[in-house]
Amino acid sequence: MILSSNSDYLHLKNDRNIFQSLDGLRILVVDDSADSCSLVSFILEGYGVKVMTAATALEGLEVIEKFQPNLLISDIVMPEIDGYSFIRQVRSLDSTLGKIPAIAVTAMCREEDFNLAIECGFQSCLSKPIDPTNLALEIAKLSQLLRPAYTEIGACIWTSPQL
């Protein structure tokens, strides 16, 4: 971890305040590695995030409609349909789900892999192994794109903007 005196960087003692904004978000994690899904779920559930996982892109496309997540995290290298094709399919959805903020995760750390992820429709790309703080910071940053809305009984729900 890199610490800086630059005021643009968030100090770890403020993490709880920053990450409280994650409480109540619904995030879909798509990864063929059960260990990766478990790790990401464990990290996010600690911040109050409701997590659903899918082991394949096809399963992810089924789950996304039912779960209605606020944010998507997807591995890039998966069997049958890779993360690049998966996000293209998500972006083609007619509903607001087609505009869901998305983070790619990959063990491939080349600049061209990152650029391709962004070109295909991800807003961010993180390398594996996933650093818990970096993951939470990226989600917090992308969750600022989401707008809170309140139901008649005062419960907060999160809605995705037009990206």
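Start by selecting residues 34-45, helix α2, together with residues 132-143, helix α6: their axes come within 11 Å and cross at roughly 65 degrees. The crossing of α2 past α6 is right-handed. To see what touches, show side chains for Val 40, Ile 43 and Leu 44 on α2, and for Pro 132, Leu 135 and Ile 139 on α6. The residues of this contact are six nonpolar ones, with no polar and no charged residues. Keep in mind as you look around that this is a predicted model.

Next, move to the largest nonpolar core, which has 24 residues. Pick out Leu 28, Val 30, Leu 72, Phe 86, Ile 87, Val 90 and Phe 122, the members with the most contacts inside this core. Helix α3 gives the largest share, five residues.

Beyond its neighbours within four places in sequence, Leu 72 is in contact with Leu 28, Val 30, Phe 86, Ile 87, Val 90, Ile 100, Pro 101, Ala 102 and Ile 103. Ile 103 also leads you onward: a second, separate core of 22 residues includes Ile 103, along with Ile 27, Val 51 and Ala 140.

Finally, colour by pLDDT. The protein's mean is 82, and 76% of its residues reach 70 or more. Select residues 1-13, where pLDDT stays under 50 and the model has six contacts beyond four places in sequence. Then select residues 149-163: pLDDT again stays under 50, and here the model has 37 such contacts.

Terms used. Residues are numbered from 1 along each chain as its sequence is written. This is a predicted model: local features need pLDDT of at least 70, side-chain atom pairs count only at pLDDT 80 or more; totals for chains, interfaces and linings use all residues. Side-chain values use heavy atoms; hydrogens and water are left out. Axes are lines fitted to C-alpha atoms, for helices over the stretch in contact, and angles run from 0 to 180 degrees between N-to-C directions. Helices (H or I, at least four residues) and strands (E, at least two) are DSSP runs, numbered from the N terminus. A crossing is left-handed if the near helix is turned anticlockwise from the far one by less than a right angle, and right-handed if clockwise. Contact means heavy atoms within 4.5 Å. Ala, Val, Leu, Ile, Met, Phe, Trp, Tyr, Cys and Pro count as nonpolar, Asp, Glu, Lys and Arg as charged, and the others, Gly among them, as polar. A nonpolar core is a set of buried Ala, Val, Leu, Ile, Met, Phe, Trp, Tyr and Cys residues joined through side-chain atoms within 4.5 Å. Buried means under 20% relative accessible area, exposed over 50%, partly exposed in between (1.4 Å probe, protein chains only). pLDDT is the predictor's confidence in each residue, from 0 to 100.
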